[in-house]
Amino acid sequence: MTPDAILDRDATDLRARLSLRARLSHRLSRHVPTAPALPRLSGPMVSVTFDDVPDTACSTGAAVLDAHGAKGTFYVSRTLLGTATEHWRVAGVEALAEIHRRGHEIGCHTHDHSLVPTLDARDFAADMGRNRDAFAALLPGLTLENFAFPYGYASLAAKRVLSRTYGSGRSIMPGVNTGRIDRYFLRANPLFDRYLDTGLLARLMDEAVARNGWVIFFGHDVAEGASPYGCSPGLLEATLAAAGRRGIPVVSIAQGMARARGVAAELCPMEEASRSSSEVSVRLAEGGSRDP
């Protein structure tokens with residue numbers, strides 16, 4: 001499945017910005033690692049991530065995660081902060097500072113929200129440096145450790161740069177990360193109301209348990225009547241509850257990377273009480289009809 005299909009964008013618009021060489025580089029980036037693979041995982045885990053960081057991701061999304069004792073990863077681009085789009089308003093510095101204070105991870109999404117295959121290695125590295133420096137100035141003490149590709153488009157050149165500067169690169173290619181995992185093309189599944197139903201959610205979670213996999217979700221806004229690229233609070237609750245019922249820890253990308261490398265890190269397992277309250281919340285939100 002292509003990024004265009006996942007995002008339901010006009011494929012002609014995006015492809016028109018990509019040369020044949022750039023499209024080929026993106027395709028190769030899905031299959032050619034540029035760094036040693038992560039070791040096989042010793043147990044399953046789930047991560048919830050948000051791109052562009054709409055204000056509702058910082059408010060409602062982070063609050064739902066907090067209620068479940070979980071931490072998320074919020075991928076930011078400096079030029080988007082505080083701007084309004086067709087679908088949402090992007091959070092400002094104060095909101096990011098607050099969720100960072102509460103232990104959520106802030107990740108890099110380029111400085112200019114760039115279509116990565118259009119950049120050569122030098123320009124990509126410079127863009128990344130501007131984003132890192134900007135957030136270090138805005139939020140003293142913050143270090144951006146992990147990256148997500150805008151629009152889901154990667155390149156081999158970018159993966160090589162990332163291998164020298166960041167711990168991981170997240171795609172929007174759906175699936176479960178299992179076996180020898182390419183840390184610079186982590187698979188991620190849309191946390192969209194129009195995409196993720198209870199059957200798919202259950203299959204992803206069950207595969208993670210069966211194969212010691214890492215299920216990563218990505219979304220945008222979190223609201224009733226969310227955009228086509230976001231989810232309702234009920235779907236986010238259902239996702240966390242489905243992980244909780246299976247005893248799968250919900251971790252940020254940084255926590256997941258540390259766990260994958262066998263480095264001691266503060267994880268966020270679902271406590272039994274949280275699981276019980278999660279199940280009640282999901283049944284209420286869904287009219288008691290679903291149990292993924």
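## Basis of the model

Local features in this predicted model need pLDDT of at least 70 and side-chain atom pairs count only at pLDDT 80 or more, while totals for chains, interfaces and linings use all residues. Residues are numbered from 1 along each chain as its sequence is written, and side-chain values use heavy atoms, with hydrogens and water left out.

## Fold and surface

The chain contains 11 helices and 7 strands, which are DSSP runs numbered from the N terminus (helices H or I, at least four residues; strands E, at least two). Among contacts with a separation of 6 or more, 73% join residues 24 or more positions apart, a contact being heavy atoms within 4.5 Å.

Of the chain's 292 residues, 55% count as buried, that is, under 20% relative accessible area with a 1.4 Å probe and protein chains only.

## Cysteines

Across the whole structure, a search finds 0 disulfides, a disulfide being a pair of cysteine sulfur atoms within 2.5 Å. Cys108 is buried, at a relative accessible area of 0%, and Cys231 also counts as buried, at 1% relative accessibility.

Note on methods:
Buried means under 20% relative accessible area, exposed over 50%, partly exposed in between (1.4 Å probe, protein chains only).
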